[in-house]
Amino acid sequence: MQPRNMSMSGVVDLAAVKAAQEAKAKAEQARAEAARQGGGGAVSPADLVIDADEATFERDVLQRSTEVPVVIDFWAEWCQPCKQLSPVLERLAAEYNGRFVLAKIDVDANQMLMQQFGVQGIPAVFAVVAGQALPLFQGAAPEQQIRETLDQLVQVAEQRFGLTGLAVDPDAEPGGAQAAPQAPAGPHDALLEAAVHALDAGDMGGAIQAYKNVLVEDPGNMEAKLGLAQAELLQRVGGMDPQQVRKDAAEKPDDVAAQIAAADLDLVGGHVEDAFGRLVDAVRRTVGDDKDAVRLRLLELFEVVGAEDPRVTAARRALARALF
């Protein structure tokens, strides 16, 4: 079977690729969120290649894809080209050192997954990024073509979704979670204190700028990230007319801006699950730039609540299902 290249260029065209500085900030945010959830700790190199099936697909592929791109290798024991391609993919998974995870799916044992992905022949390689399935290529492609495709995949994953991959500990036991490294501490106590004083005084703009100043010097500073997310939320809702926002959201269920504004109010009012549910529903109903705007706001609200909160964990799973 001749390889059929499935370029990633279409994905890049559809994505509103962010400016380099914003992409870097989002990537650091995603890494920190994953670390606080316990999914961002160092993993063993052996954990970069997994066997997935219909029973474990949601956990091992969909949920994992919110932390790192998951490349899927559809194969079968009787497939000779698969025996050429699979070792190459496994070697590259180790070489890329956590920039993606390889999930191997035996099509004979997982016909439903094969049909859902529209696999016409094997070997076939797909990727799932933040719950979204992307076709990569079909057939035993040359290694250089595979590398180019993987390079595009990890670039899109970082720029569009802020996914920078997993930390790999060569000494880690397979499947054993390691303690997440502490974010580097910087000499920013004065700026953080100034941000808190600004918040207390109702100066959201001053607080936002103070937190941003910290993050310029120390992108991994968790206190500044959380404070910035909270200050930006308070600034957004500060000028709202709550009655009008609720009225608009009720009367215009397909108005993305109205639903996002109402979700902000929900969160500030302590209705966390309502806020998350509203935006997950909006993700299901929207496409293109509207879907991306809702998804990004939901990720920002996750940051406000904190990744360890079980409501965030549940909403992340719902978001992955809505995107997929």
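Biologist: How much space lies in the second largest cavity?

Modeller: This is a predicted model, and a search of the whole structure finds two cavities of 30 Å³ or more. For the second largest cavity, the space comes to about 30 Å³.

Biologist: Which helices each supply at least two residues of the lining of that second largest cavity?

Modeller: The lining consists of P253, D254, D255, V256, Q259, A282, R285 and T286, and by class these residues divide into three nonpolar, two polar and three charged. With residues 256-268 assigned to one helix and 272-285 to the other, the helices that each supply at least two lining residues are helix 11 and helix 12.

Biologist: How are helix 11 and helix 13 oriented to each other?

Modeller: Two packed helices are described by the angle between their axes and the distance between the axes. Here the axes of helix 11 and helix 13, the latter spanning residues 288-305, come within 10 Å and cross at roughly 10°. Because angles under 35 degrees count as roughly parallel, the orientation of helix 11 and helix 13 is roughly parallel.

Biologist: How many nonpolar residues does the contact of helix 11 with helix 13 have?

Modeller: Helix 11 contributes V256, I260, A263, D264 and L267, while helix 13 contributes D290, A293, V294, R297, L301, V304 and V305. Divided by class, this contact has three charged residues, no polar ones, and a nonpolar count of nine.

Biologist: Which residue meets R321 in a salt bridge?

Modeller: Side chains of opposite charge can pair when their charged atoms come close. The count for the model comes to 19 salt bridges, and one of them joins R321 to a partner at 2.8 Å, N to O, namely E58. The pair links distant parts of the chain, 263 residues apart, with R321 in helix 14 (residues 310-323) and its partner in helix 3 (residues 57-63), that partner being E58.

Biologist: Which residue is joined to P123 by a cis peptide bond?

Modeller: P123 lies in the loop between helix 5 (111-116) and strand 5 (124-129). The cis peptide bond has an omega of about 0°, and the residue that it joins to P123 is I122.

Key:
Residues numbered from 1 in each chain as written. Predicted model: local features only at pLDDT ≥ 70, side-chain atom pairs only at ≥ 80, totals over all residues. Heavy atoms only, no water. 1 Å grid on protein atoms, 1.4 Å probe; cavity = no way out; pocket = protein on both sides within 12 Å on 5 of 7 lines; lining within 4 Å. Points joined across faces, edges and corners; volume = space filled by probe spheres on them. Helix = DSSP H or I, 4+ residues; strand = E, 2+ residues; numbered from the N terminus. Nonpolar A, V, L, I, M, F, W, Y, C, P; charged D, E, K, R; others polar. Axes fitted to C-alpha atoms, helices over the stretch in contact; angles between N-to-C directions. Parallel < 35°, antiparallel > 145°, perpendicular 65-115°, else oblique. Contact = heavy atoms within 4.5 Å. Salt bridge = Lys/Arg side-chain N within 4 Å of Asp/Glu carboxyl O.
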